[in-house]
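I opened this entry to keep track of what I looked up in the structure.

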Amino acid sequence: MSTIVALSFLLAFTQSLFGVGLLMLGTPLLLALGFDFIEVQNALLPASVFLSLLQCWDLRFEGSTRASRRIVLLAALPALALGIFLSAQFSAGMYLRPLVTAMLGFGILLRLSGEGPRERIRCLFARFETPTLFLTGLVHGLSNMGGPLLVTLAAGRYRSPRAYLALVSFAYALMASTQLLGLALKAQLELDPLQVLAQCAAVYAAKLMVSATLKALATRPLYQQLLTGLMALNLIALTLR
C-alpha cells in the first residue's frame, strides 16, 4: 500500500508539471515491477481520475472548444469501450508489452525529433482529430497508454498551455472513469478504500506543491529533457524485465 501511495504522489507531481505522468509513466513502471494489467489499473486509475477531475475543476475547460470535447465523447469513448472489450477477449501477454513499448517509443522519438517534424505530426493529428481520438481511445482501453497520442493531438490543436491541459485532463477523466466502470462490470475492480483515500490525499498534496513558477520552469528544454529521460528509463526497464 505504501509503495502505491508514494508512487501516486511522485507521478501526480510529474503530471501536475507536464500534463502527463500517472498512467503514461506508471503503467510501464508497474508492469516492469511484475504487476499484471488488472493490478496496474486498480492501482493507478483511482488516482488518475481524482487528479484529472481536480485539473478539470481548476481549468473549467479554459480555451478548449466544445467541439473537441464532443469528439472525445463521440470518438474516444466508444473506441475505449471497444479496447476494454478486446482486452477481455485476449490474454494481455499477447499484446500488452509490445503496445506499451510502442507508445513509449513513439512519445520518446517525437520528443527527440526536431521542431519541424514534431510540429508537422502535431498538425497532422489535429487535422484528423476524430480518427486520432478514436485511435487514442482504442489504445488506451487496451493498455492505459493513449497518452502519447492524446498530448500530441492537444499540442497541435491548442497553443495555450491551459487549453492544452484542459483537453487532456477532460479526456483522461472520462477515459479513466470508463475504465473503472469496465473493471466493475467485469468483476475485476479490487479497491482498498483506505489505499484509495491515501492516494487521493497524496495526489492532492502533489498538486498543491506544483506552483505556477514550477510549471513555467517545466516548459524549459532542460525540464522537458528530464521527462524524456524518465520515459526512456521506463522503456529500458520494461524491455529488460
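I began with the lining of the second largest pocket and sorted its residues by type: seven are nonpolar, six polar and one charged. I note here that the model is a predicted one.

I then looked up which residues sit closest in. The lining has 14 residues, and those nearest the centre of the pocket are Phe37, Ile38, Ser87, Lys186 and Gln188. For the space in this second largest pocket I wrote down about 150 Å³. I also asked which helices supply at least two residues each of the lining. Helix H3 (37-59), helix H4 (66-89), helix H5 (92-112) and helix H9 (161-185) each do.

Next I went to the surface. I found a nonpolar patch formed by Leu226, Leu230, Leu233, Ile236 and Leu240, with about 500 Å² of accessible area together.

I located valine 210 in the loop between helix H10 (193-209) and helix H11 (212-218). Valine 210 goes down as buried because its relative accessible area is 8%, and buried means under 20%. I also checked valine 210 against cysteine 123: the two are 87 residues apart in sequence, and their C-alpha atoms are 29 Å apart in space.

Note on methods: Residues are numbered from 1 along each chain as its sequence is written. This is a predicted model: local features need pLDDT of at least 70, side-chain atom pairs count only at pLDDT 80 or more; totals for chains, interfaces and linings use all residues. Side-chain values use heavy atoms; hydrogens and water are left out. Patches are made of residues with over 30% relative accessible area and no salt bridge: like charges are joined within 9 Å, nonpolar side chains (Val, Leu, Ile, Met, Phe, Trp, Tyr) within 5 Å. Accessible areas come from the Shrake-Rupley method with a 1.4 Å probe; for residues, only the protein chains shown count as cover. A salt bridge is a side-chain nitrogen of Lys or Arg within 4 Å of a carboxyl oxygen of Asp or Glu. On a 1 Å grid over the protein atoms alone, a cavity is a set of points where a 1.4 Å probe fits but cannot get out, and a pocket is an open set with protein on both sides within 12 Å along at least five of seven lines; lining residues have an atom within 4 Å of a point. Grid points are joined across faces, edges and corners, and a volume is the space filled by probe spheres set on the points. Helices (H or I, at least four residues) and strands (E, at least two) are DSSP runs, numbered from the N terminus. Ala, Val, Leu, Ile, Met, Phe, Trp, Tyr, Cys and Pro count as nonpolar, Asp, Glu, Lys and Arg as charged, and the others, Gly among them, as polar. Buried means under 20% relative accessible area, exposed over 50%, partly exposed in between (1.4 Å probe, protein chains only).
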